[in-house]
Amino acid sequence: MREKKENKCKGLWLVIAAFFIAVLMTQGVVIAADSEDSGDYQDQNLERVHKDDEFSQQELVEDADYNQMSSDNVELLINEDGGNVYKEVYSSKNGHNPAYASFFNYNPSTKILTVNGYQGNGDLFIRDANDESPMKVVFKGKNYFEQITMLNRGVGQLNYIFSGDDEVNCGMIFLGGHSNLTIESGIYNIVQQREYDLYQGIHVTDEEEYHPLIKILGGTVNITSKDFDARIRMGINVQYGNLEIRNANVNIDLGSAGWAYGLYSAGGLYGGGLIIENSNVRIKTVGTNYSCSIWTYNPEFIGDMSFYVGPRVANKKIDASKVFEKYESMNNLQVCGENLIISTTPIDVDIAFDDVKVGDWYYEPVKSMFQKGIMTGIDDYTFGSTQNLARAQFAALLYKLEGSPSVEYDNRFSDVADGQWYTKPILWAAQNGIVNGYQDGRFGVGDSINREQIATMLYSYSKFKGYDLSQSGNLSGFPDNSNVSAYAKKSLQWAVGVGFISGTNGKLDPQGSAVRAQCATIMMRYLKAYE
């Protein structure tokens, strides 16, 4: 492999360091922590102490050798060890590095860089100086990077175009000064991979007179920042510029932070705006000091889209004109509150989960159980359709079905302490002969419930309620009927006879864990039979 000359390595590292310093010095409105900062908010009412809304700009420290680059000079570098070693993948001077030729192919006549299934998880640096024609990056297959950085070595504005036929996975996409980005196709999973003070999923930094532009004109962009600490989280930040989302899907989940901004276009009072056309946009933000889904100055919505703002459990469709709150004292800044959903298909507001959609085989069962108050989600946004249901959760389901009666605590199970969310449901069920524990004295609070256990608990609950238990189905038609435990045979015969357990893929699967969507289906059928 060909290593960069020592002086070039040092020069490049200075450039990269300078860019990251610039990133950390961005807008005072979001990085200050005390009430004297120009971007602080008072009394949670968005009254801003507005002194100066300009981004700090760090001058690039540039190596003299690189300052002599010609206008057609392109350079691709990769850093795979997290240190200071940047290996040349391609340069106009040296051509392709054979060590990376199977992953990266650049055609200087068309300015198309093809990336074929790179999975080294390194930092990719693209350096261009020709502002006369855009550079197109075509991603093929699944690609994995720590970060993708595009630097402008010229004097005008550069245009980068991304397209892909599969996934691009990385921790961040960063554009240096005088650069624009257009995403045409592909799936971009941008996930924070380490701790930051300020994390930005896609970020372009520039001077105010250049008005950089990020356009997402197709494909899907998923930005997640929640598994590592960050005092400030920003999904897409277009410094001093404009953001367009057209015919695309954008999903941003920023977890919890001091400050959280989903889409931020215009780093000051410079006319930067936002256009969303015929797109699906979902933004989750939680800020302990302040958070918003969108911060912009000139928003525009185009096409037939539905709008929802606020907690999903309380969502109601609103008119587009009510999405933003305008602050005339701040030069007509427009802000959208936490948790925004823009959808090209109206959302059923009677069911509160992002992972349960019309057309899903479990849609009606989940909706029925949710509306009856028998099953809720694993959080305000997610039902957890494919997650296994625990024994404690099924006991809680029956407890809610019975109206959550009062319960006296008794220490009958070693893993059921007093005062837990599952204490009363399990003890109520045990005291009424609906559930039993294991021979070792545990109930198995967190153990996944299986299908024959569900049948047994429902049989016991029906007996407790005085329902007719005379129906009995024939298990011999299931090829795995011999796997049924002796204690569960009668219960499963009854469940099959009533029709709320019918097998899966032709098998009874008595020992198989039941996912939450399956449990909702079983309960819907059960209640139809006995209500």
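A: Let's start with Arg442, which makes a salt bridge with Asp447, where the closest N and O atoms are 3.9 Å apart. By salt bridge I mean a side-chain nitrogen of Lys or Arg within 4 Å of a carboxyl oxygen of Asp or Glu. Before going on, keep in mind that this is a predicted model: local features need pLDDT of at least 70 and side-chain atom pairs count only at pLDDT 80 or more, while totals for chains, interfaces and linings use all residues. Residues are numbered from 1 along each chain as its sequence is written, and side-chain values use heavy atoms, with hydrogens and water left out.

Back to Arg442, which also forms a salt bridge with Asp440, and there the closest N and O atoms are 2.9 Å apart. Side chains of opposite charge can pair when their charged atoms come close. How covered up are these residues? Arg442 has a relative accessible area of 30%, so it is partly exposed. The scale is simple: buried is under 20% relative accessible area, exposed is over 50%, and partly exposed is in between (1.4 Å probe, protein chains only). Asp440 counts as exposed at 51%, and Asp447 is partly exposed at 30%.

Elsewhere, salt bridges that share partners tie Glu244, Arg246 and Glu277 into one network. One link there is the meeting of the Arg246 and Glu244 side chains, at 3.1 Å from N to O. Glu244 is buried, because its relative accessible area is 17%. Across the whole structure, a search turns up 13 salt bridges.

Glu277 belongs to strand E22, residues 273-277. Strands (E, at least two residues) and helices (H or I, at least four) are DSSP runs, numbered from the N terminus. Five of the five residues of E22 are buried, so the rest of the structure largely encloses this strand. Gly273, Ile275 and Glu277 point one way from E22, and Leu274 and Ile276 point the other way.

What pairs with E22? Strand E20 (residues 242-246) runs parallel to E22, and four bridges join them. For two strands to count as paired, DSSP has to find at least two bridges between them. Leu243 sits opposite Leu274 of E22. Strand E24 (residues 298-302) also pairs with E22 in the parallel sense, over five bridges. In that pairing, Ile275 has Glu300 of E24 as its bridge partner.

Now zoom out to see where all this sits. The protein chain has nine helices and 28 strands. Of its 531 residues, 53% count as buried. Take contacts, meaning heavy atoms within 4.5 Å: among those between residues at least 6 apart in sequence, 71% join residues at least 24 apart.
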